[in-house]
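Have the coordinates open before reading on. This report goes through domains, core and helix packing in turn.

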Amino acid sequence: MTAAGPAMETVWTRPARTRREQPSLSRDQIVGAALELLDAEGLTGLSMRRLGTRLNAGATSVYWHVANKDELLELVLDHVMGEVEVPDPAAGGWRAAAAAYARSLRAMIHRHPWTVTLFGARPMLGPNATRVMDDVLGALGHAGFTGFDLEYAVSAIVDYVIGAAGGESSWAAGQPEVSTAETMDALRPYLARIAGAHPRVAAHAREVWAAETREVLEGRFAFGLDCLLDGIAARL
């Protein structure tokens, strides 16, 4: 007989603490301060000590609400999931609802790129995440998917958005603030050197990379999303 592993630990299933006196800080205050640190400096910029300093409070006030940093991240991730919207499929159809959801999730990730590595790492059982998932299940269920097919269709959309938005955010974070023209000027000698060995790469770079990065990224995301939704529709 295989020994049972440890039970899943998450802030959402931990019993509420009972205490007569109220802590000096509210959960909303802690989440708000943590979000400011995460948006400014990413996951490496958040620590319980820095959070306490930012709140001008001792660690006891923070640990009254969460047991550790992982639980804190669950709370903040659910908070930003409140920015994601899923339209009613009865108004415009399942495909319009799914596309709007994908774009809303992508926009949220762009505002909070630190979220990318948290998807799938921690349970998403908070009120905002469950509201979004319920709406997405409703949208794809409206199309006719049920059971595992419904799970697979939803997961395909989520995985595409996280992958695309994560790459876009990484690119934006790693690029200096220079214009597309300046970038191409810097690359032109290198493209000339590789043109003989790799003509297709050089020609593609001159044609596509010379366009404004935002336009390329928007077109790429729209193309991929259309292809994905075409494939999902073909399964119906």
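The sections below describe a predicted model.

## Domains

Direct contact involves 5 residues of domain 1 and 5 residues of domain 2.

## Nonpolar cores

The largest nonpolar core holds 57 residues. Leu51, Leu72, Tyr101, Leu105, Leu140, Ile157 and Ile232 touch the most other members. Several elements give two or more residues each to this core: helix 1 (27–41), helix 2 (48–55), helix 4 (69–81), helix 6, helix 7 (127–143), helix 8 (147–174) and helix 11 (213–234). Domain 1 and domain 2 both give residues to the core, so it lies between them.

A second core is separate and has 5 residues. Among them are Met184, Leu191, Ile194 and Ala202.

Sequence neighbours within four places aside, leucine 51 is in contact with Ile30, Ala33, Ala34, Leu37, Leu46, Val62 and Leu72. Leu72 is, like Leu51, one of the core members that touch the most others.

## Helix 1 against helix 2

The axes of helix 1 and helix 2 come within 10 Å. They cross at roughly 115°. The two helices are therefore roughly perpendicular to each other, as angles from 65 to 115 degrees count as such. The crossing is right-handed.

On the helix 1 side, the residues that meet helix 2 are Gln29, Ile30, Ala33, Ala34, Glu36, Leu37 and Glu41. Helix 2 answers with Arg50, Leu51, Arg54 and Leu55. Ile30, Ala33, Ala34 and Leu37 are also in the contact list of leucine 51.

## Helix 7 and its partners

Helix 6 packs on helix 7 at an angle of about 150°, with the axes 8 Å apart. An angle over 145 degrees counts as roughly antiparallel, so that label applies to helix 6 and helix 7. Their crossing is left-handed. Helix 6 makes the contact through Trp94, Ala97, Ala98 and Tyr101. Helix 7 uses Val132, Val136, Ala139, Leu140, His142 and Ala143. Tyr101 and Leu140 are both among the core members with the most contacts to other members.

Helix 4 also packs against helix 7, here at about 45° with the axes 7 Å apart. That angle makes helix 4 oblique to helix 7. This crossing, too, is left-handed. Asp78, His79 and Met81 of helix 4 make the contact with Pro127, Asn128, Ala129, Arg131 and Val132 of helix 7. Val132 is also listed in the contact of helix 7 with helix 6.

## Two partly exposed positions

Alanine 96 lies in helix 6 (residues 94–111). Its relative accessible area is 43%, so alanine 96 is partly exposed: above the 20% limit for buried, below the 50% limit for exposed. Serine 47 is 49 residues from alanine 96 in sequence. In space, their C-alpha atoms are 40 Å apart.

Proline 113 sits in the loop between helix 6 and helix 7. At 40% relative accessibility, proline 113 also counts as partly exposed. Proline 113 and arginine 188 are 75 residues apart along the chain. Their C-alpha atoms are separated by 31 Å.

Definitions and conventions
Residues numbered from 1 in each chain as written. Predicted model: local features only at pLDDT ≥ 70, side-chain atom pairs only at ≥ 80, totals over all residues. Heavy atoms only, no water. Helix = DSSP H or I, 4+ residues; strand = E, 2+ residues; numbered from the N terminus. Buried < 20%, exposed > 50% of the residue type's maximum accessible area, 1.4 Å probe, protein only. Core = buried A, V, L, I, M, F, W, Y, C linked by side-chain atoms within 4.5 Å. Domains from an automatic or database assignment. Contact = heavy atoms within 4.5 Å. Axes fitted to C-alpha atoms, helices over the stretch in contact; angles between N-to-C directions. Parallel < 35°, antiparallel > 145°, perpendicular 65-115°, else oblique. Left-handed = near helix turned anticlockwise from the far one by under 90°.
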